[in-house]
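Trainee: Could you walk me through this structure, one feature after another? I'd like to learn how to read it.

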Amino acid sequence: MKFNDLMKATNNFCKDNIIGTGRTGTVYKGVLDDGTSLMVKRLQESQHSEKEFLSEMATLGSVKHRNLVPLLGFCLAKKERLLVYRYMANGTLHDQLHPVDDGGKVTEWPLRLKIGIGAARGLAWLHHNCNPRIIHRNISSKCILLDADFEPKISDFGLASLMNPIDTHLSTFVNGEFGDLGYLAPEYARTLVATPKGDIYSFGTVLLELVTGERPTHITKAPEDFKGNLVEWITQLSSNSQLQDAIDKSLVGKGVDGELFQFLKVACNCVAPNPKERPTMFEVYQLLRAIGERYNFTIEDDMLMPSNSGEADCLEELTVARDVKENNWKGTEEVYG
């Protein structure tokens, strides 16, 4: 896409058009002459060559799924690197759950569950159906966008490879942006290596946000002297057999308490301290899908079997999903504790 067209669409990258900022760059709302709304991501300056950038664009442009924000185009002009995405009318999941105006409307449980299932489907597709698989490395409620129908779509996937090496490692902890501190898996601080299990930990934190209504780093329901993050608060409640106290009070007593607790348990499994104890994204998706079965908002799957799991892993994942469906969660305790 032409640089001048994107300049015009964003009113010369006017500050008033900024709808998001992060470690990878700044996102602007843009409107084309025909009235089409777009999101334009202006990447931070990168050391990567034009050839490397074009190669990444070819890869990202081919990654298409209903729960991923579609990349419509890009622009390469001197040092400028711009990505153009379809506009998402309902903003981010973060803004939906944590509105600046506290008097905002509460997000009801069926919608939260729908968003959790759709986001899990998108991330599972990146992990299991892309070849090579894509590790997101920056999952948070800020990168899950909602379209006009509140269908969740994951953004910023694949951008880690466009960052300068130092930006994807040490400065993560200095700035807390590329992998917000409340979402980072504990092992990342030791290894500085991104893994699928790290994505699952981050996604588990998003699930905790959905079911508790709390932010990942500021817990309103915790005692005043509590200084930890959301996962640490959940761990403390669990060790005191008070896990039910974490659930968003606005959701309780409406006939879905069982679903809320099972959803919370899936989230807890995702944020297990030991990466080996965390489920795969395919398992997470199947477990959430089983909870939402009665709502009729699941769709025919384009992801019946993980393409890059071993045969034994696939059988185990499908068995877990079957147990959830047939035994109404009985028997899953042996697998997930």
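Trainee: Which residue is the bridge partner of Met39 in β5?
Mentor: Here the partner is Tyr85. Strands (E, at least two residues) and helices (H or I, at least four) are DSSP runs, numbered from the N terminus. Two strands pair if DSSP finds at least two bridges between them, and β3 and β5 have five, in the antiparallel sense. Before we go on, a word of care: this is a predicted model, where local features need pLDDT of at least 70 and side-chain atom pairs count only at pLDDT 80 or more, while totals for chains, interfaces and linings use all residues. Residues are numbered from 1 along each chain as its sequence is written, and side-chain values use heavy atoms, with hydrogens and water left out.

Trainee: In what order do the strands of the sheet lie?
Mentor: As a general idea, side chains in a regular strand alternate between the two faces of the sheet. In this open sheet, five strands run in the order β1-β2-β3-β5-β4, with antiparallel pairing. β1 (18–22) and β4 are the edge strands, since each pairs on one side only. On average, neighbouring strands are turned by 20° against each other, direction ignored.

Trainee: Which helix packs on the sheet?
Mentor: That's α2 (residues 50–62), which touches β3, β4 and β5. Its direction makes about 175° with that of β4. Axes are lines fitted to C-alpha atoms, for helices over the stretch in contact, and angles run from 0 to 180 degrees between N-to-C directions.

Trainee: How many residues sit between the strands in the hairpin of β4 and β5?
Mentor: There are two, and Lys78 in this hairpin takes a positive phi near 55°. β4 (residues 71–77) and β5 (residues 80–86) pair in the antiparallel sense over six bridges.

Trainee: What about salt bridges: how many does the structure hold?
Mentor: The general idea is that side chains of opposite charge can pair when their charged atoms come close. The cut-off is a side-chain nitrogen of Lys or Arg within 4 Å of a carboxyl oxygen of Asp or Glu. The structure holds 10 of them. Take Asp156 and Lys41, whose closest N and O atoms are 3.1 Å apart. Asp156 lies in the loop between β7 (152–154) and α5 (171–175) and Lys41 in strand β3, so this pair ties together parts that are 115 residues apart in sequence.

Trainee: Are Asp156 and Lys41 buried or exposed?
Mentor: Buried means under 20% relative accessible area, exposed over 50%, and partly exposed in between (1.4 Å probe, protein chains only). Asp156 has 14%, so it is buried, and Lys41 counts as buried at 4%. Now look at Asp33 and Lys8, which meet in a salt bridge at 3.3 Å, N to O. Asp33 is in the loop between β2 (25–31) and β3 (37–43), and Lys8 is in helix α1 (residues 3–9). Both of these residues are exposed.

Trainee: Which residues are linked in a network of salt bridges?
Mentor: Arg66, Arg121 and Glu151. For Glu151 and Arg121, the closest N and O atoms are 3.5 Å apart, and both residues are buried.

Trainee: At what angle do α4 and α7 pack?
Mentor: About 175°, with their axes 10 Å apart. Angles over 145 degrees count as roughly antiparallel, under 35 as roughly parallel, 65 to 115 as roughly perpendicular and the rest as oblique. So α4 and α7 are roughly antiparallel to each other. Contact means heavy atoms within 4.5 Å. Residues of α4 including Trp109, Gly116 and Leu123 meet residues of α7, among them Ile200, Phe203 and Leu207.

Trainee: How many residues of α10 are buried?
Mentor: Nine of its 11, so α10 (residues 281–291) is largely enclosed by the rest of the structure. Among the buried ones are Met281, Phe282, Tyr285 and Ile291.

Trainee: Where is Ile247?
Mentor: Ile247 is in the loop between α8 (230–239) and α9 (257–270). Its relative accessible area is 5%, so it is buried. Leaving aside neighbours within four places in sequence, its contacts include Val211, Leu260 and Phe261.
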